[in-house]
Amino acid sequence: MINGIINVYKERGYTSHDVVAKLRGILKQKKIGHTGTLDPEAQGVLPVCLGKATKVCELLTDKTKEYRAVLRLGVVTDTQDMTGTVLQETDVTCTEEEIRACISGFTGVQEQIPPMYSALKVDGKKLYELARQGIEVERKPRKIIIERIEIEDISLPELTMTVKCSKGTYIRTLCHDIGAALGCGGCMKSLLRIQVGPFLLENSVTIDEIIRCRDEGRLDEVVHPTDSVFLHLPELTLTPEAERFVRNGNPLYPGMPGIAAEILRGKAMESDTKLRVYSAEGEFLAVYQWDREKACYRAVKMFL
């Protein structure tokens with residue numbers, strides 16, 4: 001079984017589930033999961049976790065993401081993108097200065113109402129299933145964070161922008177809301193995800209490239225090790241004596257056998273957060289987090 005993460009370039013027309021299904025066939029293994037849905041018409045970075053690395057999926061889903069989107073002003077659709085039914089068309093009379101001022105107000109902590117055409121569930125039913133039946137239900141606003149919006153080009157009635165945002169952000173809805181705030185309406189014309197955590201667009205690989213690497217015996221070139229997600233964390237290499245505690249999922253205390261007290265204390269003071277933990281032979285074992293109350297590190301995720 002292959003363990004690790006592939007930075008897949010999801011092409012237009014595939015669902016995220018399609019990508020996982022294809023990789024299960026290509027790699028001949030079932031234990032595969034993706035790290036956050038992309039709409040079928042969207043393209044770009046989709047980290048896919050294999051084997052033991054599937055434990056990373058939820059952690060990567062929480063990572064900040066970055067997108068490049070084209071917003072079409074003057075058009076409102078039921079899906080909030082150009083694939084939907086047009087509900088309204090309006091002339092775009094706003095100036096570039098008005099557009100820039102409006103968009104600057106969408107950064108920071110925001111409340112966003114999820115679109116009806118989404119996979120969120122209400123009373124056990126996916127919203128898009130209800131939308132296709134012509135049913136609209138009330139959705140509660142969700143708190144999101146827009147860290148940055150950079151306008152790359154304005155060629156009215158379209159503009160291109162790069163958005164760095166928290167999980168749970170719908171770029172389609174952001175485009176819709178910007179259009180509404182400008183008074184002319186708007187929807188998303190195209191979307192490209194350019195970053196998920198440490199995974200970048202320029203390092204992503206298509207399904208065809210993965211097949212070619214498999215056929216040429218070069219899969220190791222596209223499979224990132226599981227710990228590549230955690231390289232920003234301080235590293236702790238255990239002695240064989242201390243490794244036994246970690247393999248049993250036990251906490252790590254300063255002064256315990258095999259670990260010098262000053263090492264754990266130093267790392268706690270240094271990061272006050274998490275460690276990536278390795279065996280003496282270099283095997284990635286776990287991520288541990290500092291527990292202030294208990295003054296020890298406790299296991300967050302085990303990768304044995």
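1. Helices α3 and α5 cross in a right-handed sense. The model in which this crossing is seen is a predicted one. Helix α3 comprises residues 96-104 and helix α5 residues 171-182; their axes lie 10 Å apart, and the packing angle is about 125°.

2. From α3 come Glu 98, Ile 99, Cys 102 and Ile 103, and they meet Ile 178, Ala 181 and Leu 182 of α5. By class, six of the contact residues are nonpolar, one is charged and none is polar.

3. A separate point concerns a sheet. Four strands form an open sheet in the order β15-β16-β17-β18, and their pairing is mixed. Strands β15 (235-237) and β18 (296-302) each have a single partner strand and stand at the edges, so one side of each lacks a neighbour in the sheet. On average, neighbouring strands of this sheet are turned by 35° against each other, direction ignored.

4. Strand β17, residues 284-291, runs antiparallel to β18, and six bridges join the pair. In one of these strands, β18, Ala 299 is the bridge partner of Tyr 288.

5. Helix α7 (residues 240-247) packs on this sheet and touches β16 (274-278), β17 and β18. The direction of α7 makes about 80° with that of β17.

Methods: Residues numbered from 1 in each chain as written. Predicted model: local features only at pLDDT ≥ 70, side-chain atom pairs only at ≥ 80, totals over all residues. Heavy atoms only, no water. Pairing = 2+ DSSP bridges. Helix = DSSP H or I, 4+ residues; strand = E, 2+ residues; numbered from the N terminus. Axes fitted to C-alpha atoms, helices over the stretch in contact; angles between N-to-C directions. Contact = heavy atoms within 4.5 Å. Left-handed = near helix turned anticlockwise from the far one by under 90°. Nonpolar A, V, L, I, M, F, W, Y, C, P; charged D, E, K, R; others polar.
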